[in-house]
Amino acid sequence: MRFVIITGLSGAGKSQALKSMEDIGFFCIDNFPPALIPKLADLFYGSKDIDKVALGMDLRGGQLFKDIFSAIDYLKKNKYDYEIIFLEASDEALIKRFKETRRRHPLTDGGSIIDGIKDERQKLAEIRKMANSIIDTTNLTAAQLKQELYNIFIEGRKFKGIIVNVMSFGFKYGIPLDADLVFDVRFLPNPYYIDELRPLTGNDKKVMDYVMKWEEAKQFLNKLEDMIEFLLPFYIREGKSQLVIAVGCTGGKHRSVTIANALYDLLRKRDYTAIINHRDIREE
């Protein structure tokens with residue numbers, strides 16, 4: 001029996017997560033009153049027809065949400081297995097989503113969206129600490145969120161607690177403002193000066209082969225891998241749920257794309273949740 005509680009910040013993607021859970025075979029109920037969890041658990045744990053349940057709940061329930069803690073105590077007392085997925089996103093991403101959808105934040109009463117977000121973060125801090133997985137959806141598409149839930153609940157991969165966003169960019173267009181770590185690969189030979197490679201990108205094999213044929217590229221990637229592998233457990237320990245690693249070259253089309261792709265592949269092989277974004281690959 002998989003009994004999953006999906007909660008988190010308003011606008012972080014709970015509704016989308018429930019749709020994804022439904023697609024992978026879960027019986028889903030949104031905006032479920034936490035006080036009813038014990039009765040639902042008794043019902044489903046004694047059923048042979050339903051073995052996967054996902055419940056969406058958040059502060060839309062007002063004071064009723066506080067019942068979640070007594071409900072979890074009931075699950076523990078009766079030795080019912082359960083999992084908590086907590087979804088969150090950056091303040092900037094949440095504000096943008098509320099403005100785009102023209103929705104009112106559930107904790108604002110004529111006030112600013114950011115005040116509602118801060119209030120909600122504080123009120124959800126305790127349940128966040130209890131979560132089995134914390135997924136930051138700031139840079140995740142709906143498809144990427146679905147894939148991550150698929151990895152957890154179908155493939156059985158353990159979520160390591162952090163999402164790594166690997167981004168390539170061109171220095172001529174500016175350093176990404178949300179980057180946590182920035183690496184400059186302009187020291188590598190530039191495919192731009194090879195006529196047949198200029199119109200291609202780091203996603204093309206000819207460019208990849210050219211960039212990676214140099215010994216300094218191989219050494220750099222090895223050292224980068226060692227450093228990231230060293231750092232990630234400490235970022236996780238400190239509670240960081242998303243890390244943006246930016247790899248830059250002059251125009252963001254050749255060298256940075258190649259190295260970013262290689263780093264992304266290495267992270268995926270080590271079972272880290274990683275996404276790739278080539279910010280400037282289409283720039284002229």
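How many salt bridges does the count between domain 1 and domain 2 give?

Modeller: The count is zero, taking a salt bridge as a side-chain nitrogen of Lys or Arg within 4 Å of a carboxyl oxygen of Asp or Glu. Please keep in mind that this is a predicted model, where local features need pLDDT of at least 70 and side-chain atom pairs count only at pLDDT 80 or more, while totals for chains, interfaces and linings use all residues. Residues are numbered from 1 along each chain as its sequence is written, and side-chain values use heavy atoms, leaving out hydrogens and water.

Now to the two partners. Domain 1 covers 2-154 and domain 2 covers 163-278, with bounds from an automatic or database domain assignment. Their C-alpha centres lie 33 Å apart. Where they meet, 11 residues of domain 1 are in contact (heavy atoms within 4.5 Å) with 10 residues of domain 2.

About 730 Å² is buried between them, and carbon and sulfur atoms give 42% of that; this is the accessible area (1.4 Å probe) that both parts lose on being put together, summed over both. In domain 1, D136, N139 and E148 lose the most area to domain 2, together 55% of what that side buries.

On that side of domain 1, strand β5 (133-136) and helix α7 (142-153) each supply at least two residues. Both are DSSP runs numbered from the N terminus: helices are H or I with at least four residues, strands E with at least two.

Notes: Buried area = accessible area lost by both parts, 1.4 Å probe.
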